[in-house]
Amino acid sequence: MSLGVGIVGLPNVGKSTLFNALLKKQAASVANYPFCTIKPNIGVVEVPDERLAALSSVTGIEKIVPAIIEFYDIAGLVKGASKGEGLGNQFLAYIREVSALIHLVRLFEDKEVAHVGEINPPDDIKTVESELLLADLVTLEKQKEPRLEASKEEKLRFETIKKLKVELGKGALAIKVNLSEEEKTLASSLGLLTLKPVLYVFNISEKQLDDLESIKKEVTKIVPSGNFLFFSAKFENEILTLSEKEQQDYLKEYGLEDTGLNRLIKKSYQLLDLISFFTTTGGKEVRAWTIKRGTVAVKAAGVIHTDFENNFIKADVIPFAEFVDCGGWAKARELGKVRTMGKDYLIEDGEVIEFKVGN
């Protein structure tokens, strides 16, 4: 399974527009990772991180390599996708390949852009989620009951399957079913679509940006968890043509602190439960490395190179803010701010690390 994010939703809600806006953002960027289309529907996008510029400034290293994230532009879903209607099979196959989902929901009105029935966000969300639930129920039905001599783990796995079948049959998403940590681990092997974390993104018009507070109140009723963002295709495409200073001024007019695209990318990174650590390799580049939250030092070293993991000795670690305050490694070590940690140390987001490895 890819540590990527799939963009899903009904036809004509703006999935490809969002995907193309991400492409344009990369085309307008000066980062070392240009937007790269691996397949017609997959793109690699850099993760905005202001900390990289600060590290570049204090170290004098000009080359910056940001963390990256994959976005999948997944085929539009129609009712009956779980049974293969429309591009349902392609839709479901791609969802199985990603680790998290952006569920794009249409709020904008445009007579020139057709919609499946009336624009009704709660119903639109339910249509997509119902198809995912039906597909998951099919998956659960295919699971066979363990033999009498089955292990304790196999028996618990089947008990978890039975619990999921009951709750999904009632209309609950798998991610919302109350499972123990052990049951969650066992459930993760089933490839359930509704077990993936979801960020709801509401596609609005530029005009609706003027009434954002009222829209937020209505959307909160639809997604009480508050796990949602707004995105305006026209607004985002316009702002990408402006200079950084002009962008900030434009955002202030709407009371926004950052572009929708930046917020979306950052939120997607969090949705995948990813964090970044930084290196200043040999004074040649400042680089952000991506790991899952809860990764130990020796495994983090392996992200850089397998030899780093195999020949790990120790890791010199310092929080980002302290590193910047000290102005680099030399002063940080002089002031005793650098900690030397072993292979089982849990890496925290934003730490600057120098790995020591043997031959």
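Predicted model: local features only at pLDDT ≥ 70, side-chain atom pairs only at ≥ 80, totals over all residues.
In terms of parts, we have 14 helices and 13 strands. The protein exposes about 18500 Å², and carbon and sulfur atoms supply 50% of that. One more overall number: take the contacts with a separation of 6 or more, and 67% of them come from residues 24 or more positions apart.

Let's go to helix α5, residues 152-169. What span should its 18 residues have, at 1.5 Å a residue? The answer is 26 Å, and the end C-alpha atoms are 26 Å apart, so the two agree.

Now, which residues of α5 are buried? They are F158, T160, I161, L164 and L168. Around the axis they cover an arc of only 155°, which means they sit on the same side of α5. And what do those buried residues pack against? Two other helices: α4, which is 121-141, and α6, which is 181-187. Then, if you follow the chain just past the end of α5, you get to G171, which takes a positive phi of about 100°.

Next up is helix α9, residues 244-253. Its buried residues are Q247, Y250 and L251. Their arc around the axis is only 100°, so these residues are on the same side of α9 too. Turn the model around and look at the face pointing away from that buried side: there you'll find K245, K252 and E253, and they're exposed. As for the buried side, α8, residues 233-239, is included in what covers it. Just after α9 comes a glycine, G255, with a positive phi of about 70°.

Last stop: D273. Where is it? D273 is in the loop that runs between α10, residues 260-271, and β9, residues 274-279. This residue also has a positive phi, about 60°, even though it isn't a glycine. So is D273 buried, exposed or partly exposed? Its relative accessible area is 33%. Buried would need under 20% and exposed would need over 50%, so D273 counts as partly exposed.

Then go over to α9 and pick out Y250 on the buried side and K252 on the face turned away from it. That's all from me, thanks!

Key. Residues numbered from 1 in each chain as written. Heavy atoms only, no water. Helix = DSSP H or I, 4+ residues; strand = E, 2+ residues; numbered from the N terminus. Expected span 1.5 Å × (residues − 1). Buried < 20%, exposed > 50% of the residue type's maximum accessible area, 1.4 Å probe, protein only. Arc of directions from axis to C-beta. Contact = heavy atoms within 4.5 Å. Areas by Shrake-Rupley, 256 points an atom, 1.4 Å probe, with all protein chains shown as cover.
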